Amino acid sequence: MVIGFIGLGNMAKAMIGGILSKHIVAPEDIIGSAKTKETRDKVADTYGIQVRESNAQVAKESDIIVLAVKPQYFSLVIEDIREYVDLDKQVVVSIAAGKTIKWIEGAFEKHIKVVRVMPNTPALVGEGCSAVCKNSKVTDDEFKFVMGILNSFGKASVVSEALMDVVVGVSGSSPAYVFMFIEAMADAAVAGGMPRKQAYEFAAQSVLGSAKMVLETGKHPGELKDMVTSPAGTTIEAVKVLEQEGFRGAVIDAVEACIEKSKGL
C-alpha cells in the first residue's frame, strides 16, 4: 500500500510521523510532492520518504492520495491529477475545510472514492482530533485503513458530513482559543511575579490535565468544575468573575462565528 501526499506542510508531516511511528507502512511506501525543492528535500531527509517533483507523479504511484493543501489551491491541484486518478482503485483523502465530498467529486468530474477529514494541529504532537466521513464508493477495508492512519496521530471519529462545519468550530480551529486561554493565564501569573517560562508550564499543564480528566473519568465538565470549587474558596471567586465577564457566552459566540465562516468557504 503506497500513501501519497500532495502538499508537505505541517499537517502532512504530522500524518507522516504518525504513520511511521505506528509502522502502518514503511518510509519507502510514502511519497510526497511540494511546491519547492527545499520543502521536498527537508521532508525526505527528516522522514526518509520518497519525493516527487510533480503532483501527477504522486497520483500515478499512490493507492491512497492525501490532498494536504489549502482549500484555495484545491482546484489547481485536482486539475493536475484528475486524469491519473483511478476511480475504482484509489482513495482520495481530503483534509481541507469547506470542501465537501460533492464538491470534490465534481472537481474530479467522476465518482471517485473520497474520504473527507477535518484534523487539527495537535496532530503535530500525536494528540490530534480528526472528524471523518466518506462516500459510498469507499469499501469497509479501505475506510478501516484510512482510519488507522488517522488514529496514528491522535483520535479519529466518524461524523455525518453535515457536522463538518461544526467540527471546524469545536475542534479544527479551537486550539487557537486554548492557546489564547493559556497565554492569558500565564500573563496573570507573570503579573503576580512568576517567571514567564514557568507560568506557561503551569498554565499548559493545567489545561492538559483538565482535558485528560474529562476524557478519562467520563464525568460531566460541570461536575469536575464543582469538585474544584470549594465553598467560600478561591476557585469560586475566579469562576464568579468569568461568569460576570461573559466567559461562556464569548466562547459560544466564537465557536458559532467559526462555524458560519466555515460554511461560507
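Start by selecting lysine 37 and aspartate 41: they form a salt bridge, with the closest N and O atoms 2.6 Å apart. Here a salt bridge means a side-chain nitrogen of Lys or Arg within 4 Å of a carboxyl oxygen of Asp or Glu.

Before moving on, a word about what is on screen: this is a predicted model, in which local features need pLDDT of at least 70 and side-chain atom pairs count only at pLDDT 80 or more, while totals for chains, interfaces and linings use all residues. Residues are numbered from 1 along each chain as its sequence is written, and side-chain values use heavy atoms, leaving out hydrogens and water.

Now show helix H2 (residues 37-47), where lysine 37 and aspartate 41 sit four residues apart and so are separated by about one helical turn. Helices (H or I, at least four residues) and strands (E, at least two) are DSSP runs, numbered from the N terminus.

Next, select aspartate 88 and lysine 137, a salt bridge with its closest N and O atoms 3.6 Å apart. This pair links distant parts of the chain, 49 residues apart: aspartate 88 is in the loop between helix H4 (74-81) and strand S5 (91-94), and lysine 137 in the loop between strand S7 (128-134) and helix H6 (140-151).

Finish at glutamate 216 and lysine 212, whose salt bridge has its closest N and O atoms 4.0 Å apart. Both lie in helix H9 (residues 196-217).
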